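Take a look at the chain below. We will walk through it step by step, from a single residue out to the whole fold.

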Amino acid sequence: MACAAPSMISVNPRTSPMASHLHPFPQSIAIPKSFNGLRPSTARPRSPRLASTQRPLNRSFVVKACSLPLVGNPAPDFEAEAVFDQEFINVKLSEYIGKKYVILFFYPLDFTFVCPTEITAFSDRYSDFEKLNTEILGVSVDSVFSHLAWVQTDRKSGGLGDLKYPLVSDVTKSISQSYGVLIPDQGIALRGLFIIDKEGVIQHSTINNLAIGRSVDETMRTLQVKKDTG
């Protein structure tokens, strides 16, 4: 989706302390030493004559997830400060259980390369989600003071303006980590989105890289399908 870059700041990749956040997601992963596939082989070496008469083996390994998938399981609960209606409030996810569906979405940072279009789009469509008895919660690793400043900045100046849903502060990064969207070496979250039903179970999730936004229309469609099918 098209969006204008915030005009309030200018980031120099060579000198700015925020430049580390502009690097793409790392392309390599660290495999624990306990993984069997990385241990030296204890098998006896074959004789040179036998080895020369056989074709090389195609070796492969499978890394299994060490935790349960989030979809179909209870959403990790959290309690954190948030900004709503230009006030500091406390948000606890479990308080919505038995009451509302929740759209929980993560974005990287305030005031930087994050395009605010999708964040404001969720606010502009809030009444549609409200008709489906659904609350929206936005989360980033910024402080509540940063959230407040961004909300108090006009959209034309690269801010958000007033939002109709809370922006949660995940300064400890514990929420991002529990939902599997944290980039550890950069300390920011990927663009994850989770649909949580009234029983507190995650029914849908999508995780995009930093530069790829999410469609509010597609989120609404997915939510409607879930509610229609029970």
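Start with asparagine 208, which lies in strand E9. The model is predicted. Is asparagine 208 buried or exposed? Its relative accessibility is 16%. Buried means under 20%, so asparagine 208 counts as buried. What does asparagine 208 touch, leaving out residues up to four places away in sequence? Its contacts are Leu190, Arg191, Gly213 and Arg214. With glycine 213 there is a polar detail: a polar atom of the asparagine 208 side chain lies 3.2 Å from the backbone oxygen of glycine 213.

Now step back to the sheet. Strands of a sheet pair through backbone hydrogen bonds, either parallel or antiparallel. Here 7 strands make an open sheet with mixed pairing. Read across, their order is E2-E1-E5-E4-E3-E8-E9. From one strand to the next, the twist averages 25°.

Look at one pair in the sheet. Strand E4 (residues 134–140) and strand E5 (residues 167–169) run parallel and are joined by 3 bridges. In this pair, serine 140 stands opposite serine 169 of E5.

A helix packs on the sheet as well. Helix H2 (residues 117–124) touches strand E3 (101–106), E4 and strand E8 (191–196). The direction of H2 makes about 165° with that of E3. Which residues of H2 are buried? They are Glu118, Ile119, Thr120, Phe122 and Ser123. Their cover includes E3, E4 and E8, along with helix H3 (126–131), helix H4 (144–151) and helix H6 (216–228).

Next, the nonpolar cores. In soluble globular proteins, nonpolar side chains tend to be buried together. The largest nonpolar core in this model has 26 residues. Phe78, Leu93, Leu104, Phe106 and Tyr179 have the most contacts inside it. Strand E1 (79–84), E3, E4, strand E7 (188–189) and E8 each supply at least two residues of this core. E3 gives the most, with 3 residues. A second, separate core has 22 residues, including Ile103, Phe122, Tyr126 and Leu163.

Last, how confident is the predictor? The mean pLDDT of the chain is 79, and 69% of its residues reach 70 or more. Over residues 1–66, the pLDDT is below 50. Beyond near neighbours in sequence, that stretch has 49 contacts in the model.

Technical notes:
Residues are numbered from 1 along each chain as its sequence is written. This is a predicted model: local features need pLDDT of at least 70, side-chain atom pairs count only at pLDDT 80 or more; totals for chains, interfaces and linings use all residues. Side-chain values use heavy atoms; hydrogens and water are left out. Two strands pair if DSSP finds at least two bridges between them. Helices (H or I, at least four residues) and strands (E, at least two) are DSSP runs, numbered from the N terminus. Axes are lines fitted to C-alpha atoms, for helices over the stretch in contact, and angles run from 0 to 180 degrees between N-to-C directions. Contact means heavy atoms within 4.5 Å. pLDDT is the predictor's confidence in each residue, from 0 to 100. A nonpolar core is a set of buried Ala, Val, Leu, Ile, Met, Phe, Trp, Tyr and Cys residues joined through side-chain atoms within 4.5 Å. Buried means under 20% relative accessible area, exposed over 50%, partly exposed in between (1.4 Å probe, protein chains only). A polar contact is a pair of N or O atoms within 3.5 Å; within protein, one must be able to donate a hydrogen and the other to accept it, and residues adjacent in sequence count only if both atoms are side-chain atoms.
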